[in-house]
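I opened this entry to keep track of what I looked up. Sequence and coordinates come first.

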Amino acid sequence: MSSSTETTDWPYLEVHQSRTHEPSPYEHKLAATLEEVFTKVGHELADVVGGLNARQVHAPDGQPWTEESFRAEMHRLGA
């Protein structure tokens with residue numbers, strides 16, 4: 001069986017099938033900034049939190065990110 005047949009026969013994840021709503025402007029900004037941080041700063045939690053704070057992208061409560069607030073927000077967003 002060819003691999004192209006396998007991918008069409010096997011259930012696969014639609015890009016947005018688990019999304020419950022369109023992303024908000026905040027979610028778009030957070031996603032874009034996280035992509036930049038991952039690319040330019042690093043992937044460790046401390047790097048991510050520091051990168052977000054350095055770019056003035058604050059937590060939902062308007063405060064600078066902490067490792068705990070970042071974990072909580074990723075959990076809330078289902079990431």
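My notes follow, from the overall fold down to single side chains.

**Overall**

I am working from a predicted model. I looked up the secondary structure and got four helices and zero strands. From the N terminus, the order is α-α-α-α. I then checked burial: of the 79 residues, 20% count as buried. For contacts with a separation of 6 or more, I noted that 32% join residues 24 or more positions apart.

**Helix α2**

I took the length of α2 next.

Which residues of α2 are buried? I found Glu-27, Leu-30, Thr-33, Leu-34 and Val-37. What do the buried residues of α2 pack against? Their partners are α3 and α4. On the other side of α2, I listed Pro-25, Glu-35, Thr-39 and Lys-40 as exposed.

I also looked just past the end of α2. Gly-42 has a positive phi there, of about 160°.

**Thr-33**

I left aside neighbours within four places in sequence and searched for contacts of Thr-33. The search returned Leu-52, Arg-55 and Val-57.

**α3 against α4**

I fitted the axes of α3 and α4. They come within 10 Å and cross at roughly 90°. That makes α3 roughly perpendicular to α4. From α3 they are Leu-45, Ala-46, Val-48, Val-49 and Leu-52. From α4 they are Glu-67, Phe-70 and Arg-71.

**Salt bridges**

How many salt bridges does the model hold? I counted two, taking a side-chain nitrogen of Lys or Arg within 4 Å of a carboxyl oxygen of Asp or Glu.

One joins Glu-36 and Arg-55, with the closest N and O atoms 2.9 Å apart. Glu-36 lies in helix α2 (residues 25-40), and Arg-55 in the loop between α3 (45-54) and α4 (67-77), so the pair ties together parts 19 residues apart in sequence. I checked how open each partner is. Glu-36 is partly exposed at 33% relative accessible area. Arg-55 is partly exposed too, at 28%. I noted that Arg-55 had already turned up among the contacts of Thr-33.

The other joins Arg-76 and Glu-73, at 2.8 Å from N to O. Both residues are in helix α4, three residues apart, so about one helical turn separates them. Are these two partners buried or exposed? Arg-76 counts as exposed, at 53% relative accessibility. Glu-73 is buried, with a relative accessible area of 5%.

Note on methods
Residues are numbered from 1 along each chain as its sequence is written. This is a predicted model: local features need pLDDT of at least 70, side-chain atom pairs count only at pLDDT 80 or more; totals for chains, interfaces and linings use all residues. Side-chain values use heavy atoms; hydrogens and water are left out. Helices (H or I, at least four residues) and strands (E, at least two) are DSSP runs, numbered from the N terminus. Buried means under 20% relative accessible area, exposed over 50%, partly exposed in between (1.4 Å probe, protein chains only). Contact means heavy atoms within 4.5 Å. Axes are lines fitted to C-alpha atoms, for helices over the stretch in contact, and angles run from 0 to 180 degrees between N-to-C directions. Angles under 35 degrees count as roughly parallel, over 145 as roughly antiparallel, 65 to 115 as roughly perpendicular and the rest as oblique.
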